[in-house]
Each structure stands twice: as structure tokens, then as C-alpha cells.
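Have the sequence and the 3D view ready.

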Amino acid sequence: ALKTQLVENLGTGWEISLSQSTIYIKKSDSSFFKLQAEDSQGNTHIKAIKDKVQRFSDLPSVAVKDFTVEVIGDQSSSFDNYYVKFIPNNTDMTFDSGVWNETVKPGIPWKFDATTMPHVLIRNADGTFTFKKADWGKRKFGDEESAPEPTFTNKKIQGLLFFKNRLGFLADTNCIFSQTSKFFDFFPSTVMTLVDSDPIDVSASSTKVSLLKAALAFQEDLILFSDQEQFILDYGDILSPKTASITTLTSFECDPSVQPVNAGRTMFLTVNKGAYASIKEYFVDS
């Protein structure tokens, strides 16, 4: 009866559908409109859902395919401000019973421009090589605040590294790691909780302007180099977003355009001396 009244009162320019206990209202031209609903039972018998809801439990079990809502949460919720999208149980139906899955905020940037990102060189079975753009992971959940872009976005990547089963980039003062074992994913796997395998984006803390240019794994540690300082990546027992930090190790001038190298238990780095160069040797003295 409510659907019939809506059709009669709203007239043309609207699409109104009914499935079980859910009415779907849309403007034919997809323009903006406000929606409000109330009943005589303290608003306990009807809910109007358009852009956001307070609690996940407020969402109906019947909705339109791909309908997206922000859950803003409350004090009783351990997580809030995330987005969900409706997936019908029957994929052939567009308005049916189904489930709500976590998703990304509509209308925001969600993927990298692969032409401006590092490319891959792949060895083929016949011994030839293919050079091409990589298939980078996309922002699948959250928004710009809960799943921010990695800090190398719109910056020049100064160095690449591989450490603890993660691909890493150096950009300005930051070291950015991919998800564990997912070398092309730099967005979190969920925004509902912080997962140990999620990407890491950490800055080198220093009183100097230290732009990171090179990195080298040395005796199970990761040493990071700028032209004035050397840093170490601290992470405890597990490298994760919860534990990672970068602290100053030493303050020697070096030329990070020449990649530091390992030689047994020793690490070598170069220092530019105008027309000459010197070599510094780094080792751990027990």
C-alpha cells in the first residue's frame, strides 16, 4: 500500500520498486533528493536508508544490487566509518535477499596510473623477456582517511627494495611496504581492523632533512640511506604496521646514488669527494 501511495503522489520522474519489506526509491535522472521516514510506533517499524546508517544492524536483508552505504558507528561499536555494498544471494537478481560486503567509498580515486608506476620485466618460458606495466592492487575498502593513498603517490620513487616478503619503495622521507606476500598491493585488506600483513608507511624521524635514497638488508636488519644519515628499520619480532618505526643509526655523509653493498659481515658505502671518492666500511663490533 505504501508503494502504491508513493507512485501516485510522486508521479513521473521516479523509479519505485518493492521486494518483500523493502521499497527502493530512485530519481530517473539520478539527481539528488532527500529521504525521510517516520511511523506512529516511535520509528521502530520503518527505516529510511540513503547515504549512511548508524549501525550495521540497521541495514535490511533485502536491497538493490551494489547499493552502497556508509556505517558511521556509535560508542558501542569497536569500529566505524566504513562502507558496505549489497550483494544479492542470487546473482541474476538485482533486488533480492543478500548480504552486505565491505567496499570502498564511491566517487574517490581507487587505483594507480600504472604508466607512472614501476614496470616489471618477466622471463618467459622460451628464454625471452617481456617488459610491461604491472597490475597494481586497488583501493577496495574505506575512504581517503581510513585507507589513505601511500605517500609515494605524486612523488618520485627514489629506491626499490625487497624485505621480509614485502616489496618496498622509498619516496622523500618515507619507506613504504606492500602487503605481506602481495607485492603489488599498497592499500589495506580491510578498514575494520589493523592487520599485521597490511601495508606499512613509515617516515624517518630526524632533525635533518633526510631524503631516503637507498636501502640494504644487513644481518637481518634493513639499513636506509640518505646523503647525510643512515637509519635502521625497527620492528620487533614481526614486521607490521603496529611495530614498524625508523630511527637514526649513524650520521655519516654518503653518496646514495651508488648503491651500498654487502660483502660478508661488512657493508660498504661511498662518499663523494669532488673529483675523488672514498669508501666507508660498516660492521658490527660485538
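Here are some questions and answers about terms used for this structure.

This is a predicted model, in which local features need pLDDT of at least 70, side-chain atom pairs count only at pLDDT 80 or more, and totals for chains, interfaces and linings use all residues. Residues are numbered from 1 along each chain as its sequence is written, and side-chain values use heavy atoms, with hydrogens and water left out.

Q: Why is the pair of W136 and F184 called edge-to-face?
A: Rings of Phe, Tyr and Trp (its six-membered ring) pair if their centres lie within 6.5 Å; planes under 30 degrees apart count as stacked, over 60 as edge-to-face and the rest as tilted. Here the centres are 5.0 Å apart and the planes stand at 80°, so the pair is edge-to-face.

Q: What makes W136 buried?
A: Buried means under 20% relative accessible area, exposed over 50%, and partly exposed in between (1.4 Å probe, protein chains only). W136 has a relative accessible area of 7%, so W136 is buried.

Q: Is F184 buried, partly exposed or exposed, and why?
A: The relative accessible area of F184 is 30%, so F184 counts as partly exposed.

Q: Which residues form one aromatic cluster with W136 and F184?
A: The cluster also holds F112, F152, F169, F186 and F187.

Q: How do the residues lining the largest pocket divide?
A: There are 22 nonpolar, 12 polar and 9 charged residues. Ala, Val, Leu, Ile, Met, Phe, Trp, Tyr, Cys and Pro count as nonpolar, Asp, Glu, Lys and Arg as charged, and the others, Gly among them, as polar.
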